[in-house]
Amino acid sequence: MALPWCLKTEVLMSPPAAGFSLPGSLMKLDSGFAVPTKLQNIRKGDRERLRIQAVFSFPPRNGQAEKRKQLKQELLEAIEPLERGATATPDDQLRIDQLARKVEALNPTNEPLKSDLINGKWELIYTTSAAILQAKVTGDLTPLDSKKVAVKLQVFKILGFIPVKAPDSARGELEITYVDEELRISRGKGNLLFILKMFDPTYRIPL
């Protein structure tokens, strides 16, 4: 919900044209402000400066939400033919990275790991990590702060079904740079990019 906020503004006011008047005791400026007509007599001249301090309550700004929706759609459409990134060319990777950064700039969740939006089952739809693309993996995630997690890979699955224990060095950190009800973006060391799409919002990890 949008909170009321205070706006200080200076309005340059010109005297009303001859013969121009409004009903009652108000004069309306081009800015939309209504000003008592007695102010018309203050320092008459070519220009008069009126300082107005007012408090406004604005409705939610839908423009940013629409822009976010459009950018997310562009990102998803660019990712769709790339087989999670396995067939992405350097030019494809650059385009995906640029689109992802535009989406990240509109991140509605400041502290992803403190938000319920992080819950559920997420499907990896794109990554620049060759290790992830070459084998299915499982691992543990440990929160470090409200945005970062430590990652420790546990098992690689060669050809999708032959399990191989991951070496102890298979660890790192990820920063969640964007999350909403549908999309999640994370970045890791070496400009690694991970983009996930919500698969099942009701899923919870068994305790």
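Tutor: The account below begins with the overall fold and then turns to the charged pairs.

The model is a predicted one. Its chain has three helices and eleven strands, and along the sequence these elements follow the order β-β-β-β-α-α-β-α-β-β-β-β-β-β. Of the 207 residues, 31% count as buried. Among contacts with a separation of 6 or more, 58% are made by residues 24 or more positions apart. The accessible surface amounts to about 14,500 Å², and carbon and sulfur atoms contribute 54% of that area.

An unreviewed UniProt entry places the feature "domain: Plastid lipid-associated protein/fibrillin conserved" at residues 69–150 and 163–197. In the model, residues 163–197 are 69% strand and 0% helix, with the end C-alpha atoms 25 Å apart.

Side chains of opposite charge can pair when their charged atoms come close. The structure holds six salt bridges, and Lys72 takes part in the pairs described next. With Asp180, Lys72 forms a salt bridge in which the closest N and O atoms are 2.7 Å apart. This pair links distant parts of the chain: Lys72 belongs to helix 1 (residues 62–79), whereas Asp180 lies in the loop between strand 9 (171–179) and strand 10 (183–188), 108 residues apart. Both Lys72 and Asp180 are buried.

Lys72 also meets Glu182 in a salt bridge, at 2.6 Å from N to O. Here too distant parts of the chain are linked, since Glu182 is in the loop between strand 9 and strand 10 and stands 110 residues apart from Lys72 in helix 1. Lys72 counts as buried because its relative accessibility is 10%, which falls under the 20% cut-off. Glu182, at 47% relative accessibility, therefore counts as partly exposed, as this value lies between 20% and 50%.

The side chains of Arg101 and Asp97 meet at 2.8 Å, N to O. Because Arg101 and Asp97 are four residues apart in helix 2 (residues 90–104), about one helical turn separates them. Arg101 has 41% relative accessibility and so counts as partly exposed, while Asp97, at 14%, counts as buried. Salt bridges with shared partners join Asp97, Arg101, Glu104 and Arg187 into one network.

Key:
Residues numbered from 1 in each chain as written. Predicted model: local features only at pLDDT ≥ 70, side-chain atom pairs only at ≥ 80, totals over all residues. Heavy atoms only, no water. UniProt positions renumbered as here; feature names shortened; annotations may be inferred. Helix = DSSP H or I, 4+ residues; strand = E, 2+ residues; numbered from the N terminus. Salt bridge = Lys/Arg side-chain N within 4 Å of Asp/Glu carboxyl O. Buried < 20%, exposed > 50% of the residue type's maximum accessible area, 1.4 Å probe, protein only. Contact = heavy atoms within 4.5 Å. Areas by Shrake-Rupley, 256 points an atom, 1.4 Å probe, with all protein chains shown as cover.
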